[in-house]
Amino acid sequence: MPRTKKTVKIKSKPKVEKKGKTAIKKMITTKTVSKSVKPVSNRKSLSLDVFDTKGKIVRSVDLPKEIFGAKINKQLLAQAVRVYLANQRIGTASTKDRGEVHGSTRKIYRQKGTGRARHGSKKAPIFVHGGIVFGPKPRDFSLKMSKKMKKLALFSALSAKQKTNEIKAVKGLDSLEPKTKLMVEVLKNLGINEKDKNILLVSSGTSIGKLENIYR
């Protein structure tokens, strides 16, 4: 029998290339994901029309969006109103209990034998001119809010008024004569309804002398 030669295939190991500094840098650069940076858009400011005393638009004023375009926080507004109303309370109401009422402490009649209910002092709350049970005493009702919360509540209020077009800028009020008739005409020219009795007038100046007619 002739001998047959067996051919054996030897798998050659893959060549491992030595990675230098440049190759490592390429691997790092390919793995890092470049974050896309969005261009910052220009913030648009809100505008407000300025009226004169006759109700005509004179010019427009730009309002900061951070103040007049803020997110309205109703919960914070309700809390600010509650704090404001609580701080208006004086808290000086006071009543007298049975230890402070003027009168004798003797027993009004004997305990037994009269057929009536048992009683002690006539200063008891059940009698006329007796003491008050759990009546009010002088106390402090004031509440507090942080400066940041006050600021955000004010921004929410101004943004809400601006959203409903309840803010109006008026020019030339300081030149009016101190007459109620003229001020009523100005309010009519501005389109303010007579039913809107709660009007907050904010003046731009600090000196009372120039704005004395408006205060009157």
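Here are a few friendly notes on the structure above.

1. A word on the model itself. This is a predicted model, in which local features need pLDDT of at least 70 and side-chain atom pairs count only at pLDDT 80 or more, while totals for chains, interfaces and linings use all residues. Residues are numbered from 1 along each chain as its sequence is written, and side-chain values use heavy atoms, with hydrogens and water left out.

2. The overall layout. You will find six helices and three strands in the chain, in the order α-β-β-α-α-α-β-α-α from the N terminus. Helices (H or I, at least four residues) and strands (E, at least two) are DSSP runs, numbered from the N terminus.

3. Burial and surface. The chain has 216 residues, and 15% of them count as buried (under 20% relative accessible area with a 1.4 Å probe, protein chains only; exposed is over 50% and partly exposed in between).

4. Contacts along the chain. Among contacts with a separation of 6 or more, 56% join residues 24 or more positions apart. Contact here means heavy atoms within 4.5 Å.

5. The H3 and H4 pair. Helix H3 (residues 74-87) packs against helix H4 (residues 147-163) at an angle of about 110 degrees, and their axes are 9 Å apart. The axes are lines fitted to C-alpha atoms over the stretch in contact, and angles run from 0 to 180 degrees between N-to-C directions. That makes H3 roughly perpendicular to H4, a term that covers 65 to 115 degrees.

6. Who touches whom. From H3, Leu-76, Leu-77, Gln-79 and Ala-80 meet Met-149, Leu-152, Ala-153, Ser-156 and Ala-157 of H4. These contact residues comprise seven nonpolar, two polar and no charged. In this count Ala, Val, Leu, Ile, Met, Phe, Trp, Tyr, Cys and Pro are nonpolar, Asp, Glu, Lys and Arg are charged, and the others, Gly among them, are polar.

7. Two backbone angles to look at. Most residues other than glycine have a negative phi. His-129, in the loop between H3 and H4, has a positive phi near 65 degrees. This histidine, His-129, is exposed, with a relative accessible area of 72%. Asn-165 also has a positive phi, near 55 degrees, and sits in the loop between H4 and strand S3 (169-170). Asn-165 counts as exposed, at 61% relative accessibility.

Note on methods: Angles under 35 degrees count as roughly parallel, over 145 as roughly antiparallel, 65 to 115 as roughly perpendicular and the rest as oblique.
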